[in-house]
Amino acid sequence: MSGVMESVNQRTQMVGQNRLELLLFRLSGEQIYGINVFKVKEVLQCPKLTNMPGSSSVVRGVAHIRGGTIPILDLSLATGNPPIENLAERFVIITEYNIRVQGFLVHGVERIINMNWEDIQPPPKGTGHEHYLTAVTKYNDQLVEIIDVEKILAEVSPLDDDISEDLVTEEITKRASEVEVLITDDSKIARKQICKTLERIGFKVVQFNDGKEAHDHLLSLIDQGIKPSDKYPIVISDIEMPEMDGYTLTAEIRNNPQLQDLYVVLHTSLSGVFNKAMVQKVGANDFLAKFQPDMLGQLVIDRLTSLGIDLPPSEGEA
């Protein structure tokens, strides 16, 4: 186990090019699950937990770790399975998502594997909308399920996803109504949060599940004789996505003369180990840690203002 923890510590400092490293773990039974190593701060034996009255049943307690108090969520319970038992023999994966630190209680930790995002696929069609998967892959002929942690966190401890009213003026709404924004994110809950913010401002939103879908769409616009940057003055992309991650999507955009003037914002929950140098290297215009509706709103409003889009005529104007 010490080897796994050392590996996590070392590899969270890396950013690949359309590659990811998964920490594999089990909740119960033989099914293997995975979590991106970039989200992991450390792995440790389950510490003593203190009950937190009034918390979700998914929160098994809080732990005092490295001078801080961290909620510990039972991933088995969170995904509709029986609770994990014999806690003293189990493990906690300490993660950072959306500028918050939490621990995920798991039955056991397996190993870290290095994969290409092209080998990570969306959940199979027909699995419905209530599952907790954001992607699946195979390792040694075994199915690995990648859990939509953002959905779990939104259910256990919902974020305030309302944008401040003073950010949205009548003039801004009129300008935004003339603009389409392209977003791509593999998490259904993340897409919903982003859409709510953008639509509250007045933007029209076109959304995709992963970078490859978005890239294919942009190329299809070129084939139709449409300049993508005229259609989408703003592109907002997650970083972790099946088939093509946000870094690779941005690099593909910058390497294509017909796409390279697109304004790309990387919007990520990788707040704890976010690599600003890599963002600059691939040529993103800006980046933002999830999920901060006012900061996202201000970012797109600033971009809208910089475009100088003419207001549509008011009623009664010639």
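## The β6–β7 hairpin

In this predicted model, strands β6 and β7 make a hairpin, with two residues separating them. N98 sits in the turn and has a positive phi of about 50 degrees. Strand β6 covers residues 91-97 and runs antiparallel to β7, joined to it by seven bridges. One of the pairs across the two strands is E96, whose bridge partner in β7 is V101.

Strand β7 comprises residues 100-106. How many of its seven residues are buried? Five are, so the strand is mostly covered; buried here means under 20% relative accessible area. β7 also pairs with β5: these two strands run parallel and are joined by three bridges. Within this pairing, I72 stands opposite G103 of β7. Strands in a sheet pair through backbone hydrogen bonds, and the pairing can be parallel or antiparallel. β7 takes part in both kinds, antiparallel with β6 and parallel with β5.

## A five-stranded open sheet

Five strands form an open sheet with mixed pairing, in the order β8-β1-β2-β10-β9. Which strands lie at the edges? They are β8 (residues 108-116) and β9, each of which pairs on one side only. From one strand to the next, the twist averages 35 degrees.

Inside the sheet, β2 (residues 32-36) pairs with β10 in the parallel sense, over three bridges. Y33 has E145 in β10 as its bridge partner.

## Loops with positive phi

R66 is in the loop linking β4 (59-65) to β5 (68-74). N140 is in the loop linking β9 (133-139) to β10 (142-147).

Are these residues buried or exposed? A residue counts as exposed when its relative accessible area is over 50%. R66 has a relative accessible area of 71%, so R66 is exposed. N140 reaches 59% relative accessibility and therefore also counts as exposed.

## A cis peptide bond

Where does the chain contain a cis peptide bond? This bond joins K290 and F291, with omega at about -25 degrees. F291 is placed in the loop between β15 (286-289) and α10 (293-307).

Note on methods: Residues are numbered from 1 along each chain as its sequence is written. This is a predicted model: local features need pLDDT of at least 70, side-chain atom pairs count only at pLDDT 80 or more; totals for chains, interfaces and linings use all residues. Side-chain values use heavy atoms; hydrogens and water are left out. Helices (H or I, at least four residues) and strands (E, at least two) are DSSP runs, numbered from the N terminus. Buried means under 20% relative accessible area, exposed over 50%, partly exposed in between (1.4 Å probe, protein chains only). Two strands pair if DSSP finds at least two bridges between them. Axes are lines fitted to C-alpha atoms, for helices over the stretch in contact, and angles run from 0 to 180 degrees between N-to-C directions.
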